[in-house]
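Open the structure in your viewer and keep the selection tool at hand. We will go stop by stop, with a note on what to select next and what is there.

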Amino acid sequence: MLKYLIKRVLWMIPMLIGISLISFFIMHLAPGDITSNEASFNPKASEESRQKLREMYNLDKPVIVQYGLWLKRMATLDFGKSFASHQKPVFWQTSDKDGNITKGMIQEALPITLMINVLGLLITLALAIPLGIIAARKHLGWQDRSITLFNFIGFSIPGFWLSLLLMYWLGVVNNWLPISGLHSLNYESLDTWSKFKDSISHLLMPVLIPSITGLAGITLFIKNGMLDVLHQDYITTARAKGLNEHQVVYRHALRNALLPLITIIGLSIPGLIGGSVIAESIFAIPGMGKLFYDAVLMRDFPVIMGILTIGSALTLMGNLLADVAYAWADPRVRRGVMQ
Amino acid sequence: MQAGSNRFFSFFHHQLLLSALFASMTISVVACSKAPPIVPVDLNAKYPAESGGSLVDAMMAEPSGLITMIAGESAASAVAGNLFNRLLKYDKNLDIESDLAESWHISPDQKTITFRLKPNLKWADGKPITSADVLWTWQAVIDPKTASPYSSDYQLVKKAEAPDPLTFSVTYDQPYAPALDSWAGLQILPKHLLQGQDLHTTAFARNPVGSHYYKLDNWVHGENIRLSRNPNSVLGQARIDKLVTRIIPDNSAQFLELMADNIDAMGLDPIKYSRIIPARPELRNKLALYKELGNSYTYLGFNLKHKPFDDVRVRQAINYAIDKQEIIDGVYLGLGINIASPYKPGTRWSNPHLAPYPYDPGKARALLKEAGFSDTDGDGILEREGKPFSFEIITNNGNKEREKSAVLIQRRLKEVGIDVRIRTIEWASLISRFIKPDEKGITHFDVVILGWSLGLDPDQYNIWHSSQQAPGQFNFVGYHNPVVDKLLEQGRLELNPEKRMKIYHEFARVLLADSPIVYLSAGYGLTAIHKRVKGIDNPAPPAGIGWNSQDWYIPKPLRRNELSAN
C-alpha cells in the first residue's frame with residue numbers, strides 16, 4: 001500500500017507541472033493584459049506608463065520565458081504578487097521592514113469559501129442521505145415521487161433568482177435576516193454569543209440555498225445505489241435470516257450503497273475551494289469564486305495561476321484520497337489495488 | 001415485516017423531525033434578535049444643521065489601494081477623495097478655487113505658476129504640511145519607478161521649486177493651459193511617511209494618512225471601509241461624523257439594501273430612477289432622487305481608415321439617419337441630452353451655437369446617393385462598386401445601454417439601406433484586438449460604440465490630434481485634420497479663458513462638420529439618497545450634488561441607532 005501511495009504522490013509532480021504549463025498558455029491566449037482594463041482607457045493615462053507597467057511585470061517577454069520565471073518562483077513556493085490589487089501577495093501574507101502585515105488574497109478568501117462550501121456539503125449530505133433512503137425504500141410510492149419532485153424543482157430553479165426573492169422576503173419585507181455581506185457593521189463591538197449569531201444569520205441564505213437546490217444529484221445517487229443494493233441476493237438472505245428492516249437497511253444495505261459516495265466526495269474536494277461567483281456576488285461574500293472571476297477579467301495572471309495551481313493540487317490529492325478511502329472501505333477494491 | 005417497516009419509518013421520521021426542529025430553532029434564535037423599534041419620524045420636516053451621524057453607501061468593487069497616482073480605478077478615487085487635498089479644487093460652478101494653496105500667481109511669460117500655501121496646515125497625524133510635501137508628491141508622480149498612469153501632465157514641468165515652506169513654484173517650457181486643472185487633480189501625499197518607500201508595496205496604500213475632512217478608521221477587506229472625521233482637517237470640519245462604504249458587488253443586492261434602509265445612498269440606472277422608485281410609495285417617501293449631468297458622453301465612432309467611412313458624406317449621412325432622441329428616450333428613458341460638441345452642456349467650453357444633426361433620413365439617402373451608393377439589385381441594401389453597404393458595430397458586452405442603442409441604430413440604418421450586424425465583445429479583448437492597432441498599424445473594426453468620461457479641462461489633444469494614433473493611444477478612429485491639430489495645439493498654450501473658449505468652440509464646430517463620430521447622448525448621473533441626509537443642493541449645480549458634501553448633515557432624530565457617533 002505504501003509503495004502505491006508513494007508512486008501516486010511522485011506522479012503528481014510532473015502532472016502538476018504539465019497542468020500549470022497548459023493553464024499558463026491558455027491564460028495567455030486571451031487578448032489583453034492588466035493594462036487593458038477599463039480604468040486604463042482614460043485619455044489622461046499615457047501609453048508610456050502602461051508600457052512601463054508591462055515591463056515591470058515582465059509582460060513584454062515571450063510567454064515561455066514568463067512561464068519559466070513563474071515556475072522558478074513557484075519552486076520556492078512564492079506565489080508572487082497580484083498585478084491588479086496593488087501588489088498584494090497572492091497566497092500568504094508578507095510583512096515589510098516596519099512589521100506591517102499585508103494579508104494574502106487567497107489567505108483571506110479561502111477560509112470563507114471553504115466554510116460555506118463545507119457547511120453546504122454537510123447539510124446536503126445530511127438531507128440527501130435520509131431522503132434517498134426513503135425514496136428507495138418507498139420506491140414509486142408517494143414519498144418517492146414527492147421527494148423527486150421537490151429535488152427537481154430545487155434543481156431547476158435558478159439559484160440567483162431564488163436568492164434575490166428570499167433576500168427580498170426575508171430581509172426587506174420582514175427584517176428577519178441580513179441581506180448581504182458576512183458581518184454586521186457593528187460586529188466588532190458585539191459579545192461572543194452575538195458575534196456567533198451574527199455570523200450564522202449572515203451565512204444562512206448563502207449556505208442553505210445552494211445546498212438545497214443542489215440536493216437533486218446526491219439524493220438520486222443514493223436512491224439508485226440503495227435500489228441496486230436492495231435487490232441483491234444477500235439482502236434477501238438477511239431478511240430470511242429474520243433481521244428486522246432497520247438492521248437490513250442500515251447495517252447491511254446502506255454501507256454498500258454509500259461506497260460510490262466516497263468517490264463523489266473525493267472528487268468534490270477541489271470544488272470546495274472554488275466558490276460560486278454568482279452566489280458570492282449576490283451575497284457580497286469576498287470568496288474564491290469572486291477572486292478568480294475578477295482576476296480573469298482583469299488579466300491578473302499571478303492570482304489566476306495561484307488559484308489554478310492550488311485547485312489542480314487539490315484535485316490530484318482529492319483523487320488520491322478518494323481512491324485510498326474507497327480501497328479502505330471496500331475490500332474488493334483493496335485486493336485489486338494491491339495487485 | 002409490517003411492524004419492522006413501521007419502526008424503520010418512524011425512526012426516520014423522528015430523525016427528520018428533529019433536524020427540522022433544530023433548523024427552525026436556529027433560524028428563530030438568530031432572526032428574532034433583530035427587532036428595531038418603530039419610532040415615527042417626519043422625514044420631510046425642516047431640521048437645523050448639526051454635527052454627527054453616519055452615512056452608509058455602497059460600491060461594487062473595493063479599491064486596490066488608496067494612493068490614486070497608482071490605483072486608477074474610480075473606487076480608489078471615490079474613497080481617497082475624502083482623505084487627501086490638492087493644491088487647487090473646483091467650486092460649485094466649476095471654476096478653480098483654492099484648496100491647500102491660498103493663492104496662485106502666473107508669471108507674465110505664462111510659463112511659471114507660483115502657489116502660496118495656507119499657513120499652519122497639518123496632516124491627520126499632526127505633522128505640518130509644507131511645500132516639501134508638494135515637491136515630494138510631484139517628484140513621486142513623475143518618477144519612472146512609480147509608473148503612474150497619470151504622469152504626463154506633470155512631466156511637462158521643467159523645474160519645480162519649494163523655496164520656503166509655504167511656497168511652491170513650477171516652470172513649464174511653454175505656457176500650458178491645462179496646468180491648473182492638473183494641479184487640481186494631484187492629491188498631495190505626506191513626505192514624512194512615504195519618503196524611501198516603494199509606492200507600489202507600501203503599507204500606506206492600505207493605511208493612509210491624509211489631510212482632508214476624513215481619515216481612515218478601518219478597512220475590512222472585501223467588506224467595508226470606514227472613515228471618520230479628521231480633527232486636523234485643513235478645510236474645517238465636515239458635519240457628518242462617519243462615512244461607511246459597504247462593498248456590495250451585485251446591483252440588485254445594493255438596491256435591496258437600500259430598500260431595507262441598510263444603506264443611505266446608491267447610484268441608479270434610468271429604470272430604477274424613473275419607474276421602480278416612483279412606483280413604490282414606501283420608497284418615494286424615504287428616498288430623494290437627484291440627477292446631475294456628468295462629464296461623459298456615448299458615441300458611435302467610425303474607423304476612418306476603412307472605406308467608406310473615409311468619405312465625410314457617408315459619415316454625415318449616418319449621422320442624419322440615426323434618431324438620437326429616440327435613443328435617449330428609449331434607452332435612457334429621457335435622462336440624457338442630445339449634444340453637438342464633446343463637452344458638458346452648460347459649461348463655457350460647450351459651443352451654444354451648435355445644433356446636433358437632426359433626424360433626417362431623406363437627407364441621409366441623398367448624401368449616400370451623392371457618395372455613389374445605390375440599390376442596384378432591389379434588395380433594400382445599398383451597393384457601391386458591386387459591394388453592399390454592410391458593416392459591423394462592436395461594443396463592450398455587459399453594457400446594456402450600448403447594446404440597446406446599437407439595436408435602435410441598426411433599425412434606423414436599415415431604413416436608409418445600410419445593413420448592420422452587432423457584436424458585443426469582452427472589454428479587454430475589445431481594446432487589445434479590435435481597437436488597438438496591430439504591429440502593422442491596422443485597426444480591426446468598422447464602427448464602435450463607446451463612451452468618453454472626460455476631465456474638466458477642455459483639452460482633448462490625446463483623443464483628436466493626428467499624432468495620437470499609435471497603439472495604446474486614444475485617436476484610434478484615425479482622425480487627421482490639420483485645422484483641428486492646430487486648434488488643439490493652440491488650446492494648450494492659451495491661458496486666457498475667453499480666448500481659450502473661442503478656440504474650443506471652433507474646434508467643436510469643425511468636429512461636428514467632419515463627423516468622425518456620432519454623438520449619441522450625454523447621460524445624467526442618477527442617485528437616490530435617503531431623506532435623512534439634509535443639506536443637499538438640489539437642483540444640482542454644475543459641479544454636481546457632491547460639491548458641498550461636507551455640509552450635509554443628518555439630524556439626530558433621523559439617525560440610525562447602532563451607528564450613532566456619540
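Start in chain B by selecting β4(B) and strand β5 (residues 112–117), which pair in the antiparallel sense over five bridges. Strands pair here if DSSP finds at least two bridges between them; helices (H or I, at least four residues) and strands (E, at least two) are DSSP runs, numbered from the N terminus. Within this pair, Ser103(B) stands opposite Arg116(B) in β5(B).

Before moving on, a word on the model: it is predicted, local features need pLDDT of at least 70, side-chain atom pairs count only at pLDDT 80 or more, and totals for chains, interfaces and linings use all residues. Residues are numbered from 1 along each chain as its sequence is written, chains are lettered from A and ligands numbered from 1 in the order in which they are written, and side-chain values use heavy atoms, with hydrogens and water left out.

**The sheet**

Now widen the selection to four strands of chain B, which form an open antiparallel sheet in the order β4-β5-β7-β6. The edges are β4 (101–106) and β6 (157–164) of chain B; each has a single partner strand, so one side of each lacks a neighbour in the sheet. On average, neighbouring strands are turned by 15° against each other, direction ignored.

**Salt bridges**

Next, select Arg229(B) and Asp241(B), whose side chains meet in a salt bridge at 2.9 Å, N to O (a side-chain nitrogen of Lys or Arg within 4 Å of a carboxyl oxygen of Asp or Glu). Arg229(B) lies in strand β9 (residues 224–229) of chain B, and Asp241(B) in the loop between β9 and β10 (242–247), 12 residues apart. Are these two residues buried or exposed? Both Arg229(B) and Asp241(B) are buried (under 20% relative accessible area; exposed is over 50%, partly exposed in between, with a 1.4 Å probe and protein chains only).

Then go to Asp261(B) and Arg532(B), another salt bridge, with the closest N and O atoms 3.2 Å apart. Asp261(B) is partly exposed at 23%, whereas Arg532(B) is buried at 6%.

For a last stop, switch to chain A: Asp33(A), Glu47(A), Arg50(A) and Arg54(A) are linked in a network of salt bridges.

Methods:
Axes are lines fitted to C-alpha atoms, for helices over the stretch in contact, and angles run from 0 to 180 degrees between N-to-C directions.
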